[in-house]
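Please look at the sequence and the 3D structure shown here before reading on. The report below goes through the structure part by part.

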Amino acid sequence: MMQIREETPTDGPVIAELVHLALGTRATDSPAARMRAGMRPVAGLCLVAANGTGAVVGTLRFWPVRIGGVPALQLGPLAVRPERRGEGFGKALLRAGLELARGAGHRIVVLIGDPAYYRPFGFETALSLGIRLPTSFDEARLQVLALTPGALAGVSGVVGPAAGDRRPTR
Ligand SMILES: CC(C)(COP(=O)(O)OP(=O)(O)OC[C@H]1O[C@@H](n2cnc3c(N)ncnc32)[C@H](O)[C@@H]1OP(=O)(O)O)[C@@H](O)C(=O)NCCC(=O)NCCS
């Protein structure tokens, strides 16, 4: 059995372990990590997946970013325990997270990841829209999704944290 629920502060250590297992040093040293530097995840949108006994086996977070000055959400990390992959936890987290974000009135989601995994959810290549990272590293994996029709119209430029959104990290 699978349960998707909002993360709570007590999930913090398990989430950190999951992210470390899935991404290693990329969790803190990567273009995706730099995109959200100095930010806190968006309260109410960060989810965990739990198995039948309630143990957390997957995590998904969203972060406030800007695309050329326009507010957007960065999706990630999405991580599932290695021994529980291929059971649908990742896609269930994605589906639930995107629905929550849309319901909360967010308009754009951006991520760095494998296009084959995210394309079925409507993500498209960001580069062809003129949306870029500050460096060319990993830029081909940059993808965006309009949560509402037309949300990406006229949006282009560099993705990154906006100074005004920065808050002290926990
Ligand atoms: C990516 C990840 C979250 C997927 O979680 P999951 O629970 O195994 O995913 P699901 O069970 O919902 O989906 C599995 C399907 O996705 C496919 N898939 C998994 N990773 C993929 C990838 N990187 N690219 C393309 N397809 C992928 C599987 O082949 C499988 O396909 P099938 O349904 O046709 O058999 C998990 O593999 C993980 O934690 N990876 C390490 C961290 C990572 O790379 N995170 C993503 C950062 S962008």
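What follows is a short report on strands, core, ligand shell and backbone geometry.

## About the model

This is a predicted model, in which local features need pLDDT of at least 70 and side-chain atom pairs count only at pLDDT 80 or more, while totals for chains, interfaces and linings use all residues. Residues are numbered from 1 along each chain as its sequence is written.

Helices (H or I, at least four residues) and strands (E, at least two) are DSSP runs, numbered from the N terminus. A residue is called buried if 20 or more other C-beta atoms lie within 10 Å of its own, exposed if 12 or fewer, and partly exposed in between, with C-beta atoms placed from the backbone. Strand β5 covers residues 108-112, and because five of its five residues are buried, this strand is largely enclosed by the rest of the structure. In a regular strand the side chains alternate between the two faces of the sheet. In β5 both faces are covered, with Ile 108, Val 110 and Ile 112 buried on one side and Val 109 and Leu 111 buried on the other.

Two strands pair if DSSP finds at least two bridges between them. Strand β4 (residues 70-80) runs parallel to β5 and is joined to it by two bridges, and Gln 74 stands opposite Val 110. Strand β8 (residues 142-146) is antiparallel to β5, with five bridges joining them, and here Val 110 stands opposite Val 144.

## The nonpolar core

A nonpolar core is a set of buried Ala, Val, Leu, Ile, Met, Phe, Trp, Tyr and Cys residues joined through C-beta atoms within 7 Å. The largest one has 44 residues, and those with the most contacts inside it are Leu 73, Ile 108, Val 109, Val 110 and Val 144. The strand that gives the most to this core is β3, with seven residues.

Trp 63 lies in strand β3 and is buried, with 22 other C-beta atoms within 10 Å. Two residues are in contact if their C-beta atoms, placed from the backbone, lie within 7 Å. Not counting residues up to four places away in sequence, Trp 63 touches several residues, among them Arg 36, Met 39 and Leu 73. Trp 63 and Leu 73 are 10 residues apart in sequence, and their C-alpha atoms are 5.4 Å apart in space.

## Around the ligand

A residue is near a molecule if its C-beta atom, placed from the backbone, lies within 6 Å of it. Of the 18 residues around the ligand, Arg 85, Gly 90, Lys 91, Gly 113 and Asp 114 come nearest. Strand β4 gives the largest share of this shell, five residues.

## Two backbone details

Most residues other than glycine have a negative phi, and most peptide bonds are trans. Gly 76 and Pro 77, however, are joined by a cis peptide bond with omega about -10 degrees, and Pro 77 is found in strand β4. Asp 138, in the loop between β7 and β8, has a positive phi near 70 degrees. This residue, Asp 138, is partly exposed, with 15 other C-beta atoms within 10 Å.
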